[in-house]
Amino acid sequence: MSAAEGPLVVGVDTSTQSTKALVVDAATGRVVASGQAPHTVSSGTGRESDPRQWWDALGEALDQCGEAAREAAAVSIGGQQHGLVTLDAQGEPVRPALLWNDVRSAPQARRLIDELGGPKAWAERTGSVPSASFTVTKWAWLAEHEPEAVRAVQAVRLPHDYLTERLTGEGTTDRGDVSGTGWWASATEAYDEEILARVGLDPALLPRVVRPGEVAGTVRADHGLPFSKGTLVAAGTGDNAAAALGLGLRPGVPVMSLGTSGTAYAVSQRRPADPTGTVAGFADARGDWLPLACTLNCTLAVDRVASLLGLDREAVEPGTDVTLLPFLDGERTPNLPHSSGLLHGLRHDTTAGQLLQAAYDGAVHSLLGALDLVLDADADPSAPLLLIGGGARGTAWQQTVRRLSGRPVQIPDARELVALGAAAQAAGLLTGEDAAAVARRWNTAAGPVLDAVERDEATLNRITGVLSDAAPLLERDAASR
């Protein structure tokens, strides 16, 4: 390893499936070491993980980084959004964390929307209409189904908060991640005491919201990780806000992230408030806003379809009128938390490859449907769509997004953008720079651009029609619960 030009920083991405750590040269953005360790997630009706796994995985990932991690001057943690982490008086988990893709709280979401003035009132107040992904609905579910667990809770955290607190000993969060809870009012940038009272959550159990650019704390002694005591710890943020930092994202540039979930978002200087609930009005980690639409089913669902068909994920074939809505885990966009996958238009001459292409089309359709709502009206419609996440490296994903969007598509060369964004945030503590400016200096968004092709309106219209016609069937399970 050649000598670094500047101080070293560590950026962490604690995601649904694993924790990744990057050691980065703050001067150049060069990744000098990396590590990764997996988590387990429960199967069945719920999606849960033991938060202690995340800490163990962080330790293992940092160990893989070797001596470089020990030299870090600052660290920041980006993490999966929305997860409900409940801790007792000793800081130990009361129960496994309820993750973002646990949709058991859909009835509580509907009830909370009705009890507090309807979708428009929620959007104006918090920036978002809560779905079953949001933390406030998960707390309401827990209070209803596990009251003994709730009585034992002495602290409520998000996934990235949990790891940051174990590093510093201080309960903190940031505006980007807290904006996805449903109990933080974007209009006032403060916890909403009426919402908290409605769900029976004492605000004293919540972390302090750290301002952009503020030091959250320093690494305490006896933490068991390869950091020196006193190492600076940044606020951290949610995974999408961290990826926006990692891209050095400017207002109006559209992003589509293809991972276990799919997201479409852009930085905006206007506070979003979509009463339809399609767009979540998240804050970003800098002081602007990050309107975002999210689907529960993306790469994991399409890979499952490929597996069922016995195909490689790239084995798509064109030329079909078949429609496949891959809502295998319920869906958030559109808001159908208890839906399942739906196949329409199957013929004798339909091939397995065409079915697989239909799964790609169905996944991308949901994200593109929200893109116009995510972008401000004055955004450049010809700007390249930045394609990130694990799926962005796949040719089938690239070509499907290109064909259905009608936009040029840019694939940044930089990988692990959540961890890179966290690293940029940590670097900003040392240099006094805005974290997005750090990433732009690192040139993280550079990468090949695929030229625009004519938008496939016929496929988009066909999927929209099937979705509309099938709505009563897709909503039937929800109505029976």
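User: Which residue is the bridge partner of Ser18 in β3?

Analyst: In β3, Ser18 has Pro38 as its bridge partner. Please note that this is a predicted model, in which local features need pLDDT of at least 70 and side-chain atom pairs count only at pLDDT 80 or more, while totals for chains, interfaces and linings use all residues. Residues are numbered from 1 along each chain as its sequence is written, and side-chain values use heavy atoms, with hydrogens and water left out.

User: How many bridges join β2 and β3?

Analyst: Seven bridges pair β2 with strand β3 (residues 31-38), in the antiparallel sense. Strands here are DSSP runs of E with at least two residues, helices are runs of H or I with at least four, and both are numbered from the N terminus. Two strands pair if DSSP finds at least two bridges between them. The hairpin of β2 and β3 has five residues between the strands, and Gly29 takes a positive phi near 80° there.

User: What about β1 and β2: parallel or antiparallel?

Analyst: Strand β1 (residues 8-14) and β2 run antiparallel, joined by seven bridges. Val9 has Val24 as its bridge partner in β2, and the hairpin from β1 to β2 passes through three residues.

User: How many residues of β2 are buried?

Analyst: Eight of the eight are buried, so β2 is largely enclosed by the rest of the structure. Buried means under 20% relative accessible area, exposed means over 50%, and partly exposed lies in between (1.4 Å probe, protein chains only). Both faces are covered: Ser18, Lys20, Leu22 and Val24 are buried on one side, and Thr19, Ala21, Val23 and Asp25 on the other.

User: Which elements does α15 pack against?

Analyst: The buried residues of α15 pack against β2 (18-25), α10 (239-247) and α14 (417-431).

User: Which residues are those, and on which side of α15?

Analyst: In helix α15 (residues 435-442), the buried residues are Ala435, Ala436, Val438, Ala439 and Trp442. They cover an arc of only 155° around the axis, which puts them on the same side of α15; the arc is that of the directions from the helix axis to the C-beta atoms.

User: What caps the N-terminal end of α15?

Analyst: Asp434 does, with a side-chain oxygen 3.0 Å from the backbone nitrogen of Ala436. Such a polar contact is a pair of N or O atoms within 3.5 Å; within protein, one must be able to donate a hydrogen and the other to accept it, and residues adjacent in sequence count only if both atoms are side-chain atoms. After α15 comes Asn443, with a positive phi near 60°.

User: Changing topic: how many aromatic pairs are there?

Analyst: The count is three. Rings of Phe, Tyr and Trp (its six-membered ring) pair if their centres lie within 6.5 Å; planes under 30 degrees apart count as stacked, over 60 as edge-to-face and the rest as tilted. One of the pairs is Phe134 with Phe282, tilted, at 6.1 Å centre to centre and 35° between the planes.

User: Where do Phe134 and Phe282 sit?

Analyst: Phe134 is in the loop between α4 (119-126) and α5 (135-145), and Phe282 is in strand β18 (residues 280-283), 148 residues apart. Phe134 is buried, with a relative accessible area of 2%, and Phe282 is also buried, at 2%.

User: Which residue lies over the face of Trp289?

Analyst: Arg175 does, at 4.8 Å from the ring centre. A charge sits over a ring if NZ of Lys or CZ of Arg is within 6 Å of the ring centre and within 35 degrees of the ring normal.

How values were computed
Contact means heavy atoms within 4.5 Å.
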